[in-house]
Amino acid sequence: MDVMSAIMGRRSVRRFKPLPVEPEKIETLKDALIWAPSAGNLQSRFFYFVYNDEVKKKLAASALGQKSIVEAPVVIVGCADLTVGDYYRERGIDLYCIQDLSCSIENMMLAAHALGLGSVWVGAFDEVAVAEILNLPRHLRPLAMVPAGYPAETPRPPRRMAPEEAIIEIR
Ligand SMILES: Cc1cc2nc3c(=O)[nH]c(=O)nc-3n(C[C@H](O)[C@H](O)[C@H](O)COP(=O)(O)O)c2cc1C
């Protein structure tokens, strides 16, 4: 799949078939996460791959009961690594680690789509609850949960702004 087809064809998928994701596809998702750009190449992000049903139920409860988290065979929890502050101070903590994580998550969602998998970025959750459920060290801030698996729905593309609504060109 070429890059623009992946970018434009990817949709947020919230319903999943009860099928596991093959190990080689999981490895590709991991590569997509790891090979994203990052500030100073410090790679200030960390990931948990959750397959356990009990843990998924707890994560869903921390996220307004979003069913996609329970239904997906795997949920990737993306964390910002706040130790970046040792090097980049406030800008590292307030900005770079969040941007690093976001680059990785988008990379992974595009790779998932190219592999025939669906995924959705879940941002609406209680960070403190997720940190407790996963027993996170204090330097990891959970910022994105991504349920992923084989799609059981084909969502229509939601409207996007026209380029002129979002972009000014200065020549
Ligand atoms: C930062 C962020 C947080 C989001 N949080 C949620 C969420 O909690 N639950 C959900 O179902 N979708 C969530 N989404 C998915 C958006 O609703 C979706 O990307 C948007 O409607 C555009 O649809 P598309 O991804 O199919 O293009 C989130 C997306 C982003 C980028």
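Me: Contact means heavy atoms within 4.5 Å. Which residues in helix 2 meet helix 5?

Reply: The model is predicted: local features need pLDDT of at least 70 and side-chain atom pairs 80 or more, while totals for chains, interfaces and linings use all residues. Residues are numbered from 1 along each chain, and side-chain values use heavy atoms, without hydrogens or water. Helix 5 (helices being DSSP runs of H or I, at least four residues) contributes Ser104, Ile105, Asn107, Met108, Ala111 and Ala112. Their partners in helix 2 are Leu29, Ala32 and Leu33.

Me: Which residue places a polar side-chain atom 2.6 Å from a ligand oxygen atom?

Reply: The shell around the ligand (heavy atoms within 4 Å) includes Arg10, Arg14, Trp121 and Arg160. A side-chain N or O atom of Arg160 lies 2.7 Å from a ligand oxygen atom, and a backbone N or O atom of Trp121 lies 2.9 Å from a ligand nitrogen atom. These are polar contacts (N or O pairs within 3.5 Å). At 2.6 Å, the residue is Arg14.

Terms used
Helix = DSSP H or I, 4+ residues; strand = E, 2+ residues; numbered from the N terminus. Polar contact = N/O pair within 3.5 Å; in protein donor to acceptor, adjacent residues only side chain to side chain.
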